[in-house]
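Dear colleague,

Please find below the structure for your files.

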Amino acid sequence: MSNSEQPDPDHTVHELTEQTAVLDTDEAEQEPLLAAAGRRLRWAVVLPVALLVASVVACGSVYLFLFRPDQLTNDAAQQQVLTAAKEGSEAVLSYSPENLDKSLADAKSHLTGEFLDHYSKFTDEVVRPAVAQKGVKTEANVVRAAVSQMHPDNAAVLVFVNQVTTSRDRPSPALATSTVMVTMVKSGGRWLISEFKPI
Amino acid sequence: MTSERPDGWIDSQSGGDRVTDVMAELAAAEAAEAEARTEAVLATARAERLRNPETAEIVAEDSTEDSPEAASRPRRPLWLRAVVLAIGALLAGGLLALTWLMLSEHSRVAAHRAQDREVVEAASNAVVALLSIDHGRADADVKRVLDLSIGAFHDDFASRAEDFVKTAQDSNAVTKGSVTAAALDKVGADTAVVLLAATSEVTNSNGARADPRPWRMSVTMSRDEDKWKMSNVEFVP
């Protein structure tokens, strides 16, 4: 400050700043009284709500990503897949001249996707003529089967099939054994065969 | 309010020095501004009280709540807040307990799955060993099969081991087995049944190779301490 020759104003400047400081604290005390109470109450609400939301999220995600998939692949679910795979495999590999249309329609009801198309084509081009011309009759029986892979909406089942075939030319039953890896997919609550791979 | 004080003080000044005047004016302006701010804060508080008969504290709390209950009920006594908090705590506690239950169930299932995989892998390894006999090291190959076996199958195989080694050595052949697919049929605490699709390929001493022969097998596995070993081998006809 340039007015050092006058002691009084310098002194008054100090007093002034002190007074302003007092004013500032007066003002500063007014606001925190409200804000601090607000903040305290805000935390009293935000914290419990956040905890509740966190527990909902934790519970929901554990159910969705761990518990539900486990339920959908448990022993009961595996039994369903196994039964569907056995019935489907037997239906696909069994037909006779007497009720060909019915057995083929029944077989198709167990299939889905590309394998359904493939099977439809194969039965129209190969099975129908063979059955009509040679009187081929075949009966498949699943001797053993077990689930190889299990997921909530798809599965792989290892199937041991024994197939007995007769025809007009060969009336004595011929036994054929095969091993098939059957891929199942869940569609509308039902397990259907989407792939049928002899191995 | 306090803004009069600097003015009064300036009036009492004798010289009226310019710098002091400027300082005083600045101070007065500052004080006026401070007063205005104080007024504004108080006005906000008054407005809030007018809007809501409750205290400003409740207004501040209500503004952070989305609960429809809070909007419809202007007054919320302490006991109600305590009840809401208690219900929330119970709900959170219940959800966390449920989460913990589901997690422990999942870890139980995961442990079972891991054991299932272990059984299938052990069965596959044992079947590969059983179908893989090299005439050059028939003794070691047979011993390996015995190491992977237990119970009835182990005893049966051991009693025929000598003949088996001799036949293998005489044949001058190398048999190589492989497992195409495997699936767990049944599993219990100490025994399990595994279905396997396997093939074996025989190479004669002159290098002639026969077509791989497919096998359908049902192998019973039994737990031997921390390992699973073959206790019965069945070829499914």
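In this predicted model, α5(B) supplies ten residues to the lining of the largest pocket, the largest share. That pocket has a volume of about 920 Å³, and 32 residues line it. Two or more lining residues come from each of α1 (7–72), α2 (75–92) and β1 (137–150) of chain A, and from α5 (78–131) and β2 (174–187) of chain B. Nearest the centre of the pocket lie A:D75, A:Q78, B:R113, B:D116 and B:L184. By class, the lining comprises eleven nonpolar, eleven polar and ten charged residues.

Over all chains, the structure holds twelve salt bridges. One of them joins the side chains of A:R128 and A:D101, at 2.7 Å from N to O. This pair links distant parts of the chain, as A:R128 belongs to helix α4 (residues 113–134) and A:D101 to helix α3 (residues 100–108), 27 residues apart. A:D101 is exposed because its relative accessible area, 53%, is over 50%, whereas A:R128, at 28%, counts as partly exposed.

B:D156 is partly exposed at 37%, as is B:R160 at 46%. Salt bridges with shared partners also join A:D101, A:D124 and A:R128 into one network.

With kind regards

How values were computed. Residues are numbered from 1 along each chain as its sequence is written. Chains are lettered from A and ligands numbered from 1 in the order in which they are written. This is a predicted model: local features need pLDDT of at least 70, side-chain atom pairs count only at pLDDT 80 or more; totals for chains, interfaces and linings use all residues. Side-chain values use heavy atoms; hydrogens and water are left out. On a 1 Å grid over the protein atoms alone, a cavity is a set of points where a 1.4 Å probe fits but cannot get out, and a pocket is an open set with protein on both sides within 12 Å along at least five of seven lines; lining residues have an atom within 4 Å of a point. Grid points are joined across faces, edges and corners, and a volume is the space filled by probe spheres set on the points. Helices (H or I, at least four residues) and strands (E, at least two) are DSSP runs, numbered from the N terminus. Ala, Val, Leu, Ile, Met, Phe, Trp, Tyr, Cys and Pro count as nonpolar, Asp, Glu, Lys and Arg as charged, and the others, Gly among them, as polar. A salt bridge is a side-chain nitrogen of Lys or Arg within 4 Å of a carboxyl oxygen of Asp or Glu. Buried means under 20% relative accessible area, exposed over 50%, partly exposed in between (1.4 Å probe, protein chains only).
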